[in-house]
Amino acid sequence: MPRPCGPCGDKRRNELDRRLLEMEISGETYRGISQDFGYSEDALRRHKLRHLIIDLSEIKQAKEEARVEAHEKVKAEELEQTKADVKECMATRLENAANFFDQLKEIRAKAASLLDQAEGARDLRAAGTFLKELRETIRLWAELEGQLPQTQITIVNNPEWVELRAVILTALDDFPEAKKRVIDAIRK
Ligand SMILES: [Zn+2]
């Protein structure tokens, strides 16, 4: 088992190491350092070569690893942030869209209710106006759902519209004249 390295365990190691490392600059010799610290020149040489330089390269490597790690961490954080931003952006857009649909649903419900009232009052002129509003709302809805750009047939086939149309036409069974006007209006 090799003897433990004296300079490695020396209390003055910081200063010793510094002076060993600065020899090229300071012009100090192993002999001078040996005299100051009490280790043989060979012991100092061995320490510098085997422990000091290796330590330094390890520190350098550790620093480099830390730098790479920090860099990767920043990259990862940036990526996460970007992901979060995109997610937030999408969420906001979806939320806005959802709100818009909710509003449209409300408008539609209101229009349908007004239509009911108008029909109940046999106010056919008013019924026609509300129906127009209703139709416009449904058109807008379908447009938003991306169904309108294709053809008008898609709206006609839209289950919501089909159902609503059936309800309206049934409600108008007792008013043949109104029903005819409604059918005409729908076909426009
Ligand atoms: Zn040593």
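Predicted model: local features only at pLDDT ≥ 70, side-chain atom pairs only at ≥ 80, totals over all residues.
Local features need pLDDT of at least 70, side-chain atom pairs count only at pLDDT 80 or more, and totals for chains, interfaces and linings use all residues. Residues are numbered from 1 along each chain as its sequence is written, and side-chain values use heavy atoms, without hydrogens and water.

Start with the fold. The protein has nine helices and zero strands. Helices (H or I, at least four residues) and strands (E, at least two) are DSSP runs, numbered from the N terminus.

Next, look at burial. Buried means under 20% relative accessible area, exposed means over 50%, and partly exposed lies in between (1.4 Å probe, protein chains only). Of the 188 residues, 24% are buried. The contacts (heavy atoms within 4.5 Å) tell another part of the story. Among those with a separation of 6 or more, 51% join residues 24 or more positions apart.

Now turn to helix 4, residues 30-37. Its buried residues are Tyr30, Ile33, Ser34 and Phe37. Seen down the helix axis, they fall within an arc of 105 degrees, so they line one face of helix 4. That arc is taken from the directions from the axis to the C-beta atoms. The face turned away from the buried side carries Arg31 and Gln35, both exposed. Just after helix 4, glycine 38 has a positive phi of about 85 degrees.

Finally, find the cysteines. Cysteine 5 is partly exposed at 22% relative accessible area. Cysteine 8 is also partly exposed, at 29%. The whole structure holds zero disulfides, a disulfide being a pair of cysteine sulfur atoms within 2.5 Å.
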